[in-house]
Amino acid sequence: MTGNAPILEVKNLVKNFATYCAVDDISFSVGEGEILGFLGPNGAGKSTTINCLLGVVEKDNGQIKMFGLDVAKHRVSVMQNVNYCSAEYVLPWNLTLYENLLVYAKLYEVKKAKQRVLEVLEELEMTDMRNTIIRSLSLGQRARANFCKALINRPKLLLLDEPMASMDPDVVDRGINLIKKIQKEEKMTILYTSHNMWEIEQVADNVVFINHGKIIAQGSPLELTRQELALEAKEPNLREVFIQLSRKKLSRDSGGDKDVSR
Amino acid sequence: MSRDRIYAMLLRHYFLTTHHLERFADLLIFPIVGLVMWGFLANYIQVQSSSLAAFFLGGMILWVIFERVGTSIGIDFMYELWEKNLVNILASPITTVELIFSLVLVSVTKVLISFAAMVVLAILFYGFNIFSLGFMLILFWINLILFAVSLGVFSIGLITRWGHSAGPLTWVLPFMIQPFAAVFYPVRVLPQFFQKLVWFLPISHVFEGMRYTFETKMFNSGEFFISLGLNVIYFSMAVAFFTYMLRGSRRKGTLAKL
């Protein structure tokens, strides 16, 4: 969506489950160094899309390319440059932070793994917690531990699936600053899903809005605000955009939108 | 296959073992307590037949190997579910072959530790040296481990598809095989129907072959090759089953929710 070469390209992605279509022919791309907010209400198909990107869920149709390579054909080499973080999955509870990171460093074939683990711990200000067992960490610290794991292989593409769900505002604020810092330093490409619109406004260059498995709007946060709320808007207001778009019902026959909101 | 990724999984289970006391029980305490009990029984039987007593003790040690390898693969896999870590692992560059290979390696390593402890204690306390049965028997033990691995891979296939609810099968499957494995008695004591059925179990050929060697001091190559042939078939089927179940779970989207 930026002028940069696409790091992630999704074309006509389809995923059906037994009784419903979770992802319905969506296409989008994320340019190098871009942060794309991937938004939608619960059950919209965001996590299914991310799981398809990771290969945890098998797509029914479409193509996923990362770094110009078809993921289905080059999974191992592609995944070495990708990582992800989700509040839904924690690191193994009974291992220390250092042990967990060392395991993942090896799993991603990181060179000088021990040194890299110490670097990541330093970057995320967690050095003093290196020997703490994950279950003894607070919720916010666990989120940071997840970030440590997500950054262990210096990914070129980072998939963040509601990484700060149920965190307090202080933790979220720190997390956002951290993502901005890392993205700036490493020129990382990030796909970011969240239900906290403030988070997205803070970090996202562009936003894709998905509902019922279909992309129903995309653009920069300000463009979307102008498009959905008011042409003269000076600041993005994704919260209102989210509510507006979530209440739109897709017209199945025309492919257009029928507004059934408020 | 990547050495680093396999090493990562070994490291993961090494750390897990150092933090979980119950895994030490699995590794040493259960096998040793079993050995003590069967050792006393063997002592009691020895009054009537020393060879039967030796086979009892040897059979028990080898059964523990089989059971530990078979269940350990399933339990180690279950830890990834219990700790909600499976998606983290499967989203990494690890391949299906590497995942299976590392689980097998972890369980074989653990069983070698259990085996070493049991061998030493059997020598010290009961004067029984399992190697006195003949080093050729090691070939049978390889067959024993191969069958256990097939069973373990089959059980993780079930877990991949049905999640936690299939977990208990990890313990149940070896237990269900035991009556037909000819561990403590020869196949001929089984009813006719079961005698035909157990021909298809590699483990029964292992114990029958060992029994033959023990009685005649000759290596039973027939039982060995039947067992090996069956193992090749079962192992291939188990890997295919796991791969099929993993793919099915990815298709249905259940893998992400395990």
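## A loop, some helices and a chain contact

B:Ala182 is buried, as 25 other C-beta atoms lie within 10 Å. Keep in mind as you read on that this is a predicted model. B:Ala182 sits in the loop that runs between α7 and α8 (192-197) of chain B. Its backbone stands out too: B:Ala182 has a positive phi of about 60°, although it is not a glycine. For background, most residues other than glycine have a negative phi.

Chain A has a case of its own. A:Glu162 is not a glycine either, yet has a positive phi of about 45°. Look for A:Glu162 in the loop between β7 (157-161) and α6 (169-186) of chain A. Is A:Glu162 buried or exposed? The cut-off for buried is 20 or more other C-beta atoms within 10 Å, and A:Glu162 counts as buried because it has 20 C-beta neighbours inside 10 Å.

Back in chain B, the loop between α7 and α8 also holds B:Phe180. With 17 other C-beta atoms within 10 Å, B:Phe180 is partly exposed. What does B:Phe180 touch, leaving out residues up to four places away in sequence? The list is B:Phe194, B:Leu197, B:Val198, B:Leu201 and B:Ser204. Take B:Val198 from that list: B:Phe180 and B:Val198 are 18 residues apart in sequence, but 6.2 Å apart in space, C-alpha to C-alpha.

Now for the helix α7 of chain B, residues 169-177. Its buried residues include B:Thr170, B:Pro174 and B:Ile177. These residues lie on the same side of α7(B), because they cover an arc of only 65° around the axis. Turn to the other side of α7(B) and you find B:Val172, B:Phe175 and B:Met176, which are exposed. And what covers the buried residues of α7(B)? The cover includes α3 (50-82), α6 (137-162) and α9 (202-216) of chain B.

Next come the helix pairs. Two packed helices are described by the angle between their axes and the distance between the axes. Here are three pairs side by side:

| Helix pair | Angle | Axis distance |
|---|---|---|
| α3(A) and α5(A) | about 25° | 9 Å |
| α6(B) and α10(B) | about 20° | 8 Å |
| α6(B) and α9(B) | about 165° | 9 Å |

Start with chain A, where α3 covers residues 97-107 and α5 covers residues 139-151. Their angle is about 25°, which makes α3(A) roughly parallel to α5(A). The crossing of α3(A) and α5(A) is right-handed. On the α3(A) side, A:Leu97, A:Asn100, A:Leu101 and A:Tyr104 do the touching, and they meet A:Ala145, A:Cys148 and A:Lys149 in α5(A). Sorted by type, the residues of this contact are five nonpolar, one polar and one charged.

In chain B, α6(B) takes part in two of the tabulated pairs. With α10(B) the angle is about 20°, which makes α6(B) roughly parallel to α10(B). α6(B) passes α10(B) in a left-handed crossing. The residues of that contact come to 18 nonpolar, eight polar and one charged.

How do α6(B) and α9(B) run relative to each other, roughly parallel or roughly antiparallel? Angles over 145 degrees count as roughly antiparallel, and α6(B) and α9(B) pack at about 165°, so these helices are roughly antiparallel to each other. The crossing of α6(B) and α9(B) is left-handed. From α6(B), the contact uses B:Leu137, B:Phe140, B:Asn143, B:Leu144 and B:Phe147. From α9(B) come B:Pro202, B:Ile203, B:Val206, B:Gly209, B:Met210 and B:Thr213. By type, the residues of this contact of α6(B) with α9(B) are eight nonpolar, three polar and no charged.

That leaves the place where the chains meet. How many residues does each chain bring to the contact? Chain B gives 28 residues and chain A gives 24 residues. On the side of chain B that touches chain A, α1 (3-19), α4 (86-90) and α10 (221-252) of chain B each supply at least two residues. The largest share of that side comes from α1(B), with nine residues. In kind, the residues of the side of chain B that touches chain A split into twelve nonpolar, eight polar and eight charged.

How values were computed. Residues are numbered from 1 along each chain as its sequence is written. Chains are lettered from A and ligands numbered from 1 in the order in which they are written. This is a predicted model: local features need pLDDT of at least 70, side-chain atom pairs count only at pLDDT 80 or more; totals for chains, interfaces and linings use all residues. Two residues are in contact if their C-beta atoms, placed from the backbone, lie within 7 Å. Helices (H or I, at least four residues) and strands (E, at least two) are DSSP runs, numbered from the N terminus. Ala, Val, Leu, Ile, Met, Phe, Trp, Tyr, Cys and Pro count as nonpolar, Asp, Glu, Lys and Arg as charged, and the others, Gly among them, as polar. A residue is buried if 20 or more other C-beta atoms lie within 10 Å of its own, exposed if 12 or fewer, and partly exposed in between; C-beta atoms are placed from the backbone. The arc is that of the directions from the helix axis to the C-beta atoms. Axes are lines fitted to C-alpha atoms, for helices over the stretch in contact, and angles run from 0 to 180 degrees between N-to-C directions. Angles under 35 degrees count as roughly parallel, over 145 as roughly antiparallel, 65 to 115 as roughly perpendicular and the rest as oblique. A crossing is left-handed if the near helix is turned anticlockwise from the far one by less than a right angle, and right-handed if clockwise.
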